[in-house]
Amino acid sequence: MGALELDEYASFDAVGLGELIRTRQVTAAEVEDCARRALEQADGDLNALTQPPFDPSLAHEPEGPFGGVPFVIKDSGPFAQGMPFTIGSRAIEGAYALVDHDLMARFRAAGLVALGQSTAPEFGLNFATESVRYGPTRNPWNPERGVGGSSGGAAALVAAGAVPLAHANDAGGSIRVPASSCGLVGLKPGLGRTPCGPASGEIAFGQLVEFAVTRTVRDAAHLLDAVCAPAVGDKYQAPPPVRPYAEAIRTDPGRLRIALTTEPWTGGTVDPQVADAAVTAGQVLEWIGHAVTGAGPDVDGQAVIEAAMLTVVTTGGAVLRGSPRRPDPAKLEAVSRRILTESEEFTLLDVMAATEAQNEVTRSLGRFFQEYDLLLTPTLGRLPAPHGTLDYDHDGHSARSWLHRLFTYGPFTATFNVSGNPAISLPLGQSREGLPIGVQMVAAHGGEDLLLQVAAQLEQAVPWRDRTPQVYVG
């Protein structure tokens, strides 16, 4: 092929770029050079990087299954050894990761080339990526709109073609909400499928999951194969030759029982265009051959909010209080200041009540998935919001009232962090304004293969790969 042009580079997903490098049609150095130019161009329009691209790129295994494929890591805490992080906050200065996060070790082993760090809201506690520290990250489809959160910078860069995939994580919708806002595939693996701590420890009461945002279903499947292998002691065990998720997307799942609901559990209304996208997806699934029924789980929306308090107040507050240098409250955004105060007042009885709420939600989902194979819902309740709609630096919110505000805007995602079920957002719809609309599918525990199988069917039936946003490299 010769040297890659930006438009050629952006047309390939991660699997495709890896194949070009493996077959020596291009070199890894040529791909990296192209990615650097793409990142600089996209960031100039979108404000999606926390700093200039890394120079040099971070160490990686060139012979891994994604050898030479560029990506970015998220500014969500200590992740890559020696690299600074701020978690989107003015209160964090001079902090560096002392060790690799377990997932970063697996990204390196897979051959992924880390070239930058993507923006996130302060402490990841917003469905909008517009921290005071870095300012708003703009949506490639309409720069006046937000990109969702908290993995908003990651989603913006992937949607704009700057990188084919990007690190993301999800404690209440932070993979799926940006994927929906930016027209991407956002897979949230189930509890324990990928590592979520420096020593594979479970944190955030099992509600936090680490993975990525991608443009194609096959990238999500191949990446999950590359990073989900178990650890032995403190060492990463390379994945076996058999790749079950990559194989799954080539396998017919048979006729499935799929429930469809557009009714939110945590209050608020659903934009008619958003609801219509989910209903249309259900019709496509019926055309494929599945049995689709209007039904939804019996979920108590207030229990979802109470359970989410475990992550926001207990874990978030512990991070703030336990930092080597306690953050200056004057440098925190308003909701973070309130969470810091509430975390000091949260008692063991509060933890027990929140844990009981998590148990209630989890059991209700367990009963539901005894009757149905998959659940289909909208991902968000609304179209991507104008900047400033979810103002995190606004006094007057308690942690609980802030969660209620978030879950009114995005009422369908956090339930499955509480329960630990795998879920995926797919870019199946588009509004009259040309904005992407995501549709979410959820499976029982251990059902990532089923999600990917049906996602691949939908990708073939309703292809989205040729849609490109206003801001697109090349």
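Visitor: How do the lining residues of the second largest pocket divide into nonpolar, polar and charged?
Guide: First, this is a predicted model, where local features need pLDDT of at least 70, side-chain atom pairs count only at pLDDT 80 or more, and totals for chains, interfaces and linings use all residues. On a 1 Å grid over the protein atoms alone, a pocket is an open set of points where a 1.4 Å probe fits, with protein on both sides within 12 Å along at least five of seven lines, and lining residues have an atom within 4 Å of a point. Ala, Val, Leu, Ile, Met, Phe, Trp, Tyr, Cys and Pro count as nonpolar, Asp, Glu, Lys and Arg as charged, and the others, Gly among them, as polar. On that basis the lining comes out as eleven nonpolar, six polar and five charged.

Visitor: Which element gives the largest share of that pocket's lining?
Guide: The pocket holds about 290 Å³ of space, and α1 (6-11) and β13 (423-430) are the elements giving it two or more lining residues. Helices (H or I, at least four residues) and strands (E, at least two) are DSSP runs numbered from the N terminus. The largest share, three residues, comes from β13.

Visitor: Where does H387 sit?
Guide: Residues are numbered from 1 along each chain as its sequence is written, and side-chain values use heavy atoms, leaving out hydrogens and water. H387 is in the loop between β12 (374-378) and α13 (399-409).

Visitor: Why does H387 count as partly exposed?
Guide: Buried means under 20% relative accessible area, exposed over 50%, and partly exposed in between (1.4 Å probe, protein chains only). H387 gets its label because its relative accessibility is 27%.

Visitor: Which backbone oxygens does the side chain of H387 reach?
Guide: H387 and R145 are 242 residues apart in sequence, yet 5.6 Å apart in space, C-alpha to C-alpha. Beyond neighbours within four places in sequence, H387 contacts (heavy atoms within 4.5 Å) residues including P143 and R145. Its side chain reaches one backbone oxygen at 2.9 Å, that of P143, and another at 3.2 Å, that of R145.

Visitor: Which residues touch the most other members of the largest nonpolar core?
Guide: A nonpolar core is a set of buried Ala, Val, Leu, Ile, Met, Phe, Trp, Tyr and Cys residues joined through side-chain atoms within 4.5 Å. The largest one has 151 residues, and those touching the most other members are F66, L426, M441 and L452.

Technical notes: Contact means heavy atoms within 4.5 Å. A polar contact is a pair of N or O atoms within 3.5 Å; within protein, one must be able to donate a hydrogen and the other to accept it, and residues adjacent in sequence count only if both atoms are side-chain atoms. Grid points are joined across faces, edges and corners, and a volume is the space filled by probe spheres set on the points.
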